[in-house]
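Here's a quick walk through this model, from the whole chain down to one residue. Have the viewer open as you read.

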Amino acid sequence: MAARTKRAAKSSEDSEEEQSRRQRLQAILLADNFTTKLLPLTLERPNVFLPLVNVPMIDYTLAWLESAGIEEVFVFCSMQVIDYLNNSGWYNSHKDFTVKTIESPHKSTSAGDALRYIYEQQIETSQIQGDFVLVSGGIVSNMPLTQLIQEHRHRKKKDDKAIMTMVIKQSLVTDHQFFIGVNPLTKQLLYYDEDKICLDTSLMDRNPSVLLCSDMQDCYIDICSLEVLSLFVDNFDYQHLRCDFVEGVLADDIMGYKIFTHEISSCYAARIENFRSYDMVSKDIIQRRTFPYVPDMKFSGNRLLKLGRQGSYRASDAIQSPSVHVGDSSVIGHATTIGSGAKILNSVIGNRCSIGSNVVIQGSYIWNNVTVEDGCEIRNAVVCDGVKVSAGAIVEAGVVLSFKVVVGRDFVVPAYSKVSLLQQPTEEDSDEEHLLSGVDLQMESKLGPDGAGYIWQVCDEDCKHSVAPIPKDKLAEIIDDDDTEDESVVTPSGDANSINNDVNDLYDFEIEVDGTFLRAVEENIVADLAVLEINTLRLSYNMESAHCAGAIFYSMMKLAADTPHSSAIDLYKNAASIITRWKGLLGFYVKQSDEQIEVISRLEEMCQESAQELGPLFAHIIRFMYEEENDILQEVAILRWADEKAGADESDKVYLKQCEPFITWLKETSDDEDD
């Protein structure tokens, strides 16, 4: 009898495991506006529609959910988003990924309202079968989800009070600081506060070991059990997912529900909730931290861009004058034209834009169908669809120009201004439809005689959450008001000084490096002395090691091409001789994979410019720099470059195909070593 009971219990467990495996992996995406931090843009367009490096935010989220193993996603959204999903192909063109929409009722003003409405729909339809992934709009990630969902289900099976698993990530630079306390052994969340640490002594009494963290980023990716939905219904005052729901669950000793954390390290996950996080995530995409969701990879129907030197991307049909200077980490969209003498650095230019002559665009985001006339300057700003910036106008740091705004000729838009065709809402204005009905293109403008738009009043928060660095006087005020240390104040993604460098800096730096290198060759000085000189230039221009590596390698290959040669073999010998002589100099700046990939990308660019002469030598030069006696390129960097190129457009795989035998050999060698 005992054996029969054990077999029955074992059979029941197997049945539960099988049922868990058969359960569809589902997600809920809250794609409605529950924040005012992206005003005035979200008065006219849902936040998930805003372009992120020329692709709507919602496409990044859906593409990630599909690749992460989610089979069915319920999108809570407005009719605008439903129409977009209908026309974009997300409904029908994905075989194992189903997108369903839940239209947001007009009364929904918070995540709590949304989840209560979804619960009401769930009672009628029972579409959500069990545990689900809950994500907010504006999420960009490449983390896998299948294993995490299984871990949550396994934990729930052992402890039916474990209703949520929150994804967190360590981040030294974060847009939104919060404090958490975690059990270091079980990873149970014990404390959560978005303002400051204020621990109750009873928490320490109940938990002998608590890990307190203030350097974590909340990814707003949660694995939830169905109890989460019912708790929002039971507690009608729950509006916010964190400061209401999470803190409420942690404070409730009666029900005893538990929330756990899952920390990711090698994956990417971030949420866009204001203009500063928009800037941070955009830079991460351009710098390929979000791979495979990058501009030169195909996902969700996006139009491919070609990766060029120093991490810049350009559409094949973009037209620019030969005198245009496009700096590193910039993106030029499709059917965009750029006039002579224009300078663009650290900026994203959208599709079908017209950029005039002698225009300076620095650290900015120019969306689609924008016209910038001759002689304009735009620095650290966001310029939305259909905007016109008339000749000679200046858009100062931190400005947001909303849809179809017109900046008058020679007008200066004050720093950190928000400009819209809609008047700034007052406390009495709560109906967005009423606000939208007030658009009048003939209104009295504050943007010059031929301009159109209202300049909104700004507050300190606007400076803190803009795409521009926080001004020193405002920074001091924020520090005094918050009574925090300097490191707790958020700075823009990357080095603010590099963003504020003159647009000519990189160009001038490369000229200086080339002169230094040629002088070292002519005077036959040792590599160590050349390193000292280039390090001086690096500090002076505030450059990274990758910039140094790219500039040095370009000078080396330029010298090889300029040295007399009568055949491809002679050119290869020139290159090999120069690389061998100066490998100590180049090797000093290529100690990391990113720096080595910069060298490969620079060689690829030069081969494209000299396809007949240098192009056939690409694979030979790569292999030469890999060889043990040179040891400039490591296997991991070459294979990573190949993996990234594998998803590119066919026209951009010319040199990857040339390297295929070498890449195959590297992989086989690696496998043999593992065996």
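## From the chain to one serine

Buried residues account for 53% of the chain's 675 residues. Keep in mind that this is a predicted model. The chain contains 23 helices and 35 strands. Of the contacts with a separation of 6 or more, 60% link residues 24 or more positions apart.

Six strands make up an open sheet with parallel pairing, in the order 18-21-24-27-30-33. Strands 18 and 33 stand at its edges with a single partner strand each, so one side of each has no neighbour in the sheet.

| Strand | Residues |
|---|---|
| Strand 18 | 325-326 |
| Strand 21 | 343-345 |
| Strand 33 | 412-413 |

Strand 18 pairs with strand 21 in the parallel sense, over two bridges. Look for His325, which sits opposite Lys343 of strand 21.

Next, go to the loop between strand 18 and strand 19 (331-332), where you'll find Ser330. Is Ser330 buried or exposed? Ser330 is buried, with a relative accessible area of 0%. What does Ser330 contact, once its neighbours within four places in sequence are left aside? The list is Gly311, Ser312, Tyr313, Ile344, Leu345, Asn346 and Ser347. With Asn346 there's a polar detail too: a polar atom of the Ser330 side chain lies 3.0 Å from the backbone nitrogen of Asn346.

Technical notes: Residues numbered from 1 in each chain as written. Predicted model: local features only at pLDDT ≥ 70, side-chain atom pairs only at ≥ 80, totals over all residues. Heavy atoms only, no water. Helix = DSSP H or I, 4+ residues; strand = E, 2+ residues; numbered from the N terminus. Buried < 20%, exposed > 50% of the residue type's maximum accessible area, 1.4 Å probe, protein only. Contact = heavy atoms within 4.5 Å. Pairing = 2+ DSSP bridges. Polar contact = N/O pair within 3.5 Å; in protein donor to acceptor, adjacent residues only side chain to side chain.
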